[in-house]
Amino acid sequence: MARFSIDLKSGDLSNQPNEIIVGIDLGTTNSLVAYVNEGVGVAVKDENKKTLVPSIVHFGNSGRIKVGEEAHRMLVEDPQNTVYSVKRLLGKSYADVEQIESYFGYDVIDDGTDNLVKIKVRDRFYTPTELSAEILKSLKIKVEEELGISVSKAVITVPAYFNDSQRQATRDAGKLAGLDVLRIINEPTAASLAYGLGKNDDQKIAVYDLGGGTFDISILHIQDGVFEVLSTNGDTFLGGDDFDRAIVEHWINEHELGSSLKFSGKSGGQALRLLAEKAKKHLSSNDDYHAYLEGIEFALTKRQFEQLILPILERTIACCQQALKDAKLDVDDIQHVVMVGGSTRVDLVKKLIGNFFQKPVYDDLDPDEVVAIGAAIQADVLAGNQKDVLLLDITPLSLGIETMGGLMDTIIPRNTKVPSKAGRQYTTSIDGQKNLKISVFQGERDLVEHNRKLGEFILRNIPPMPAGLPKIEVQFIINADGILKVKAKELRSGVEQVIDIKPTYGISEEDMGRMLLDSIQNAQTDMNSRAILEAKNEGNHIVHSTEKFLEQNKEVLSPSEVEGIISLKNDLKSAITGDDKDLINSAIQDLNLYSAPIAHKVMDIVIRKAMKGQKV
Ligand code: AMP
């Protein structure tokens with residue numbers, strides 16, 4: 001049987017010896033880039049000797065984009081046009097972010113659909129992928145300046161709990177930044193690699209990651225060089241920021257500042273918060289802290305600090321207990337505990353976690369850098385510089401199917417280990433649709449017309465249902481010989497169809513190399529075409545549902561409401577005929593803003609009628 005005939009050791013098509021592949025930790029608050037120099041992982045520093053780049057992007061009125069420290073300063077000056085924590089939105093739909101939307105200081109556009117979120121800055125709409133790409137571009141420049149060579153390949157880390165779509169969005173961000181993303185690896189896996197764990201066989205590891213705003217605990221099983229995530233747990237809104245808040249509250253109570261204007265509001269509150277963070281950091285290596293602010297002495301002992309944060313740390317221990325339970329393990333089964341994230345510098349954190357797991361924790365490496373360094377080590381393995389690590393066969397190019405408007409929907413991304421299985425659910429776009437064509441493609445471009453068609457088949461005899469109701473599951477299964485089986489099944493009726501494909505048949509290594517290069521060179525154009533097509537698809541969907549809504553509710557709508565909706569719907573229709581995605585997105589937003597309260601009103605009327613027993 002044919003295997004993917006590329007350099008399986010590296011998963012790479014144009015691999016030169018001693019090439020530098022970088023490791024990137026794309027974080028919620030901070031990001032950093034690292035590489036391996038003579039066997040040692042090094043995080044790249046800026047001119048101020050800082051390795052951390054704040055994951056913040058600012059858009060100036062002249063179109064200038066600032067990233068990192070420069071953007072951080074704009075958070076206070078120009079918050080409307082400064083985007084932070086974009087990782088929380090990566091690969092997520094509007095429906096996913098509904099609950100956390102109020103957390104962001106910028107405009108997250110919510111149209112209540114399942115479409116991927118966009119962020120509005122200065123009348124332009126950006127995807128979280130595009131914003132993450134800006135952060136990655138700045139890291140690429142940073143490492144290129146340090147090394148004096150151009151860097152085009154990277155390993156990027158993601159949280160262990162990231163789903164397919166979040167991982168794909170991270171890959172796309174890399175591509176858009178001009179990087180060939182050789183692997184996406186889990187953050188806890190990277191942290192374990194940084195400590196050299198993984199070479200000794202068969203062990204179970206806990207990775208405790210407490211950052212500024214998020215907490216994750218992961219339980220890993222390492223066997224034959226393969227890292228398997230057994231369980232993850234955590235809290236996406238728990239971290240060092242909560243320590244700072246606890247100190248601020250303590251000081252406000254102590255000095256009865258509750259009604260003081262000086263210490264409330266944006267600047268006063270901010271100043272006290274910064275002082276609290278300073279105190280916290282000071283207490284990592286000292287027993288007490290005191291400082292004056294506005295003539296008041298603010299003091300804190302280590303003992304007081306530890307009492308304040310104990311309830312927060314107990315919440316993390318409850319997560320560890322749950323993670324062990326989910327992995328069906330006891331504390332005794334865990335051989336090593338790895339500390340990650342700036343907040344694990346606090347003594348009490350290390351002490352409590354060490355006590356809980358009944359063993360000393362790994363904390364020798366800088367907890368802010370450990371993930372990026374682990375990613376750099378994985379990158380070094382891929383570059384062929386470390387010989388004693390096992391690498392498995394992988395898929396050389398992504399595999400996926402064509403969706404609405406000729407878009408490529410990747411189901412198995414390139415560099416996935418084989419054998420492998422992945423699936424996704426789709427639905428119909430037309431009422432009563434009986435057949436669905438499944439076209440299978442291979443390649444990295446966003447539009448299927450630029451990729452290689454591997455085959456197609458038609459799933460027939462879907463029972464007639466309204467558009468959106470059928471649940472069609474498409475599964476891709478690659479066996480160890482590289483044969484791809486594509487299965488489509490309508491889950492409500494059980495109708496099923498299968499084909500077998502040999503993805504490597506008739507394709508040379510050169511062709512694959514060319515396809516890869518094309519995808520990186522055209523990433524920006526592809527991303528734009530995808531954004532336009534997605535906006536059009538979303539717009540068409542909304543036009544269709546608005547027309548249905550008008551038809552079904554003519555009796556309860558006032559003439560002015562009908563007129564208003566029709567006029568905005570027509571604006572959207574005309575925007576869809578053009579190729580300006582921002583115009584289409586604006587028209588969608590306008591129509592949604594206008595029709596949402598009307599839809600609520602109609603819903604109330606319908607419910608009231610139903611309660612009265614009337615036919616509705
Ligand atoms: P991260 O998100 O991993 O970059 O972690 C940042 C968090 O670590 C912030 O809440 C910082 O205040 C905290 N941090 C950084 N250094 C220290 C330190 N020496 N002691 C306590 N917390 C720290």
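Which helix gives the most residues to the shell around the ligand? In this predicted model, the answer is α7, with 3 residues.

## Who surrounds the ligand

Let's start with the ligand's neighbours. The shell holds 16 residues, and the closest are Gly212, Glu277, Lys280, Ser284 and Gly342. Sorted by class, the shell has 9 polar and 6 charged residues, along with 1 nonpolar residue.

## Where the ligand sits

Domain 1 (5–239 + 307–394) and domain 2 (240–306) each give residues to it, so the ligand lies between them.

## Polar contacts and cover

For Glu277, a side-chain N or O atom is 2.5 Å from an oxygen atom of the ligand. For Lys280, the distance from a side-chain N or O atom to a ligand oxygen atom is 2.7 Å. Ser343 takes part through its backbone, where an N or O atom lies 3.3 Å from an oxygen atom of the ligand. How much of the ligand does the protein bury? On its own the ligand exposes 510 Å², and the protein buries 84% of that.

## Two residues with positive phi

Now for some backbone geometry. Glu38 is not a glycine, yet its phi is positive, at about 50°. You can find Glu38 in the loop between β2 (30–37) and β3 (40–43).

Ser85 is another residue other than glycine with a positive phi, in this case near 50°. Its place is the loop between β7 (82–84) and α2 (94–97).

Ser85 counts as buried, because its relative accessibility of 8% is under 20%.

## Asp380 in helix α10

One more residue is worth a visit: Asp380, which is found in helix α10 (residues 370–382). Is this charged residue buried or exposed? Asp380 is buried, since its relative accessible area is 9% and the cut-off for buried is under 20%.

Which residues does Asp380 touch, leaving out those up to four places away in sequence? The partners of Asp380 are Val36, Asn385 and Gln386.

Conventions
Residues numbered from 1 in each chain as written. Predicted model: local features only at pLDDT ≥ 70, side-chain atom pairs only at ≥ 80, totals over all residues. Heavy atoms only, no water. Helix = DSSP H or I, 4+ residues; strand = E, 2+ residues; numbered from the N terminus. Buried < 20%, exposed > 50% of the residue type's maximum accessible area, 1.4 Å probe, protein only. Near = heavy atom within 4 Å. Polar contact = N/O pair within 3.5 Å; in protein donor to acceptor, adjacent residues only side chain to side chain. Areas by Shrake-Rupley, 256 points an atom, 1.4 Å probe, with all protein chains shown as cover. Nonpolar A, V, L, I, M, F, W, Y, C, P; charged D, E, K, R; others polar. Domains from an automatic or database assignment. Contact = heavy atoms within 4.5 Å.
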